[in-house]
Amino acid sequence: MGIQLLEPRRVRHPRGAYGWVELRFVTQGYLERVGRDAALVYLFLCAVGDRQGISFWSRAKMAQMLHLDREAIEVSLNRLAASDLVAVKDRVVQVLPIPDSPDPSL
């Protein structure tokens, strides 16, 4: 027995920019570990990144779009980098593949 689509005329297909969130972000506990603000920033970065996960959005624009202050953006980026989920250099942020074995100390 297959699963019936709820809206068969509205199946998602990537267009334009390319982004996704790996299921392991949830199943390996990253969602809980990084906290609400960092999870929101991660979701945003996954949505706005190019095919290689690169985003050039400024901290100010991210803060405005996500209704967070700039300090919350910086703290979130630091938590995501410490969890090996993103790489950050100046204005460039790259979403990385979910590590195969999560760090249990996070």
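Is E74 buried, partly exposed or exposed? E74 is partly exposed, with a relative accessible area of 33%. Here, buried means under 20% relative accessible area, exposed means over 50%, and partly exposed is in between (1.4 Å probe, protein chains only).

A word on the model. This is a predicted model: local features need pLDDT of at least 70, side-chain atom pairs count only at pLDDT 80 or more, and totals for chains, interfaces and linings use all residues. Residues are numbered from 1 along each chain as its sequence is written, and side-chain values use heavy atoms, with hydrogens and water left out.

Now the salt bridges. I count a side-chain nitrogen of Lys or Arg within 4 Å of a carboxyl oxygen of Asp or Glu. That rule gives four salt bridges. Start with E74 again. Its partner is R59, with the closest N and O atoms 3.0 Å apart. R59 lies in helix 4 (residues 59-66) and E74 in helix 5, so the pair ties together parts that are 15 residues apart in sequence. Helices (H or I, at least four residues) and strands (E, at least two) are DSSP runs, numbered from the N terminus. R59 is buried, at 10% relative accessibility.

Next pair: R36 and D37, 3.0 Å from N to O. R36 is exposed at 70%, while D37 is partly exposed at 22%.

Then R24 and E22, at 3.2 Å, N to O. R24 is partly exposed at 24%. E22 is partly exposed too, at 22%. Salt bridges link E22, R24 and D100 in a network.

On to the strands. They pair if DSSP finds at least two bridges between them. Strand 3 has antiparallel links to strand 1 (residues 54-55), through two bridges. There, S55 has V93 as its bridge partner. Strand 3 also runs antiparallel to strand 2, joined by four bridges. In that pairing, K89 partners V92.

Which side chains of strand 3 are buried? V93 and V95 are, and they point to one face.

Last, the loops. Strands 2 and 3 form a hairpin with two residues between them. In the turn, D90 has a positive phi of about 55 degrees, although it is not a glycine. D90 is exposed, at 65% relative accessibility. D84 also has a positive phi, about 65 degrees, and is not a glycine. D84 sits in the loop between helix 5 (70-82) and strand 2 (86-89). D84 is partly exposed, at 43%.
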